[in-house]
Amino acid sequence: VQLSCNLINPNFFDLNMKQLISKRTIDKLSKLKATQILSHFHSKSSIPTSSLPPSTNWTKCRFFQIHNTPIPKFVSWSGKRFIHTDTATDTAEEMVSETEDDATMNDFLSRFVWIMRGKLMEVYPDFEKKTIDEMLLVIVSKVVSELEKGGFDQIVGGKSSLPSQDDDFSHDLWKTVWEVSNVVLEDMEKAKRKDKMKNFLQAEQVKEMCRFAGEVGIRGDMLREYRFKWAREKMEESEFYHSLERFKEEEQQGTEYGIGVVEHQSRAEDPKLVALPKRRGKINYKIYGLDLSDSKWSQVADKIHEAEKIICPQEPKKIDGKCKIITEKLLSSQEQDDYSPLIAEWVQLLQPSRVDWINLLDRLNNRNPSLYLKIAEHVLGEESFQTNIRDYSKLVDAHARDNRREDAERIIRKMSENGIVPDILTSTIMVHMYSKAGDLDRAKAAFESLRTQGFLPDMGVYNSMILAYVNAGDPKKGESLMKEMEVRDIKPSKKIYMALLRSFSQHGDANGAHRIATTMQFSGFQPTLESCMLLVEAFGKAGDPDQARQNFDYMIKLGHKPDDRCTAAMIAAYEKNNLLDKALNLLIELEKDGFEPGVATYSVLVDWLSKMQLIDEAEQLLDKIAEQGEAPPFKVHISLCDMYARANVEKKALQALGVLEAKQEQLEPEDFERIIWSLIAGGFVQDAQKFQGLMEARGFTVSEQLQVTLMASQTFLRRRPSVR
């Protein structure tokens, strides 16, 4: 009894509950209304395991077993008071409603007691469980009493004043009751919405939208998020329509029971109950969950329209009457005809757009390609054609493919005059054109313009520039470009490797040739017969017959059978160092394996024998070349001229000299000097002077030693008569 008196005494709770509840304003509770709170008791909600003890039902709790306190039954929640019904005239529907109300009340009180018990145990940790239960009984009894009297709106409605009819509880205790009640209602609402959400997740419309999303490629977490989003939207839509139906039912019930006009009007003034929510912003168009009213879809539509212009371009105008006659005259014109008046008249009659110009040029290209380029160049100046940089690049490419450099350069100059900077495509075409023409300087300029504009050259541009350097006799710069390609992870082709290897071999750069061959192997290109032959040739020209022989033997080890050209390269390596015995031993070994010397091998041997003035042996080899049905190579005539001139065999020397003069464009600077030296040695000074003039006419420079010797020979040596 003393405990009960202390519990009900306000001063007792003022001293203890102040430690439990803070003095902040309960804003969240103040927003709740009685009708909203009571509506929560209509639904059945499961108790979360995180907030409830493992008890079964409130009616079985020991509080009510001891005091036999019955649970009140509530039927109507709309009148802002709980109406107790305990009559025997309840219908079956009312009994079902009572059962649901009992379950809702049990759920609320069970949650309330569970949370309140924890708060009391925090404040009174030394109290026994029985004492805590008695304290809870008093609190719950008071709450139930307020529910029966209709004062629950003061408990959870957020009102600042205490119930006027009862001052048993302190102000802090009532605030704690308000807070716990609202927490319980929030938990019940969450549980209720969770159960409703489960039902809407299995709705047919939501499933249909998920199937569509899966068909368009949406999977995993994104599909899960979309499914919850669609289910939540369907639930909100359903709640909205249910609220309208409930409002309609309330209006009908109010009419039946004679609710006053004033009360009806006051309820109608509430916009949340009588009016639809006002729409704000633009209307949202949603198809399968996609919000098509977003601004991004307008951008997508614009892009679709632009794509349609490319896929389905505008049709050209119909040509008939006089315009058709002018068109036929244009199509049948010749290159030498003046087509400017026809074009001017055609423009005046048709008023063409770009589509009409393109149609005319296409027809002209099919009928007269040569005239097409001229008229296309003329059309570039027409305003209605709407010329762009791609039109210029097409003409430049067309002229470059046919090796018309002057025409291509004229188009490029027109671009510059009109303030159009060549783009990457035009610069690439220029690199290819100048590289193919052997104009290294202009090719380099076009290549550098690409870099200046910030464009990265592609593999084709690199290939053209490397070949340009190779053709100009500068393979080292080509090799540097190849390394630049490797840095950018652009793998050079085998053609580029072989071009560089061939150039290094021709120039006798054994180290450069070896580097290229090694890089080829690291890039996955296995040594071939040609690559091995070029290495042998490179080391032979560099004067290293031992390295040449090692590469020759390595080639045989790889399974490549030496051919005539490869054997000739190895013999030439021995010739440079006059190692005749090794050359003969090599030929003997190869003949044992079935090798038969060809024209290339015999040509090297003829050159070697001519230097040693072995005329008879050299002529025997010439007969062997003739037996194979082939004429002696051009280089053989240089060897014969050298041999016969030094041996003073005038007739044969001048005969070989005549062949060389007829094909002088094939002579290199070292070939000219060898011929001139042999003519001076044989006394053919006049012929030597003649070849000096031919050499200088080709742009080659005569060595200073040869010039001095030639001038001295005019004074001291006897001139041999020339045979004409």
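A salt bridge is defined here as a side-chain nitrogen of Lys or Arg within 4 Å of a carboxyl oxygen of Asp or Glu. The structure is a predicted model, in which local features need pLDDT of at least 70 and side-chain atom pairs count only at pLDDT 80 or more, while totals for chains, interfaces and linings use all residues. Residues are numbered from 1 along each chain as its sequence is written, and side-chain values use heavy atoms, with hydrogens and water left out.

Side chains of opposite charge can pair when their charged atoms come close. In total, 38 salt bridges are found in the structure. One of them joins E377 to K414, with 3.1 Å between the closest N and O atoms. This pair links distant parts of the chain, since E377 belongs to helix α18 (residues 369–379) and K414, 37 residues away, to helix α20 (residues 405–417); helices are DSSP runs of H or I with at least four residues, numbered from the N terminus. E377 is buried at 11% relative accessible area, whereas K414 is partly exposed at 27% (buried means under 20%, exposed over 50%, and partly exposed in between, with a 1.4 Å probe and protein chains only).

A second salt bridge connects R515 and E479, whose closest N and O atoms are 2.9 Å apart. Here too distant parts of the chain are linked: R515 lies in helix α26 (residues 510–522) and E479 in helix α24 (residues 475–487), 36 residues apart. R515 is partly exposed, at 35% relative accessibility, and E479 is buried, at 6%. The charged end of R515 also sits over the ring of F504, 5.9 Å from its centre; this contact requires CZ of Arg or NZ of Lys within 6 Å of the ring centre and within 35 degrees of the ring normal.

Aromatic pairs number 9 in the whole structure. Rings of Phe, Tyr and Trp (its six-membered ring) pair if their centres lie within 6.5 Å, and planes under 30 degrees apart count as stacked, over 60 as edge-to-face and the rest as tilted. F108 and F112 are stacked because their ring centres are 6.2 Å apart and their planes meet at 25°. Both residues lie in helix α6 (residues 92–123), where a spacing of 4 residues separates F108 and F112 by about one helical turn. F108 and F112 are both buried. F672, F691 and F700 form one aromatic cluster. Within this group, F672 is buried at 0% relative accessibility, while F700 is partly exposed at 21%.

Note on methods
Helix = DSSP H or I, 4+ residues; strand = E, 2+ residues; numbered from the N terminus.
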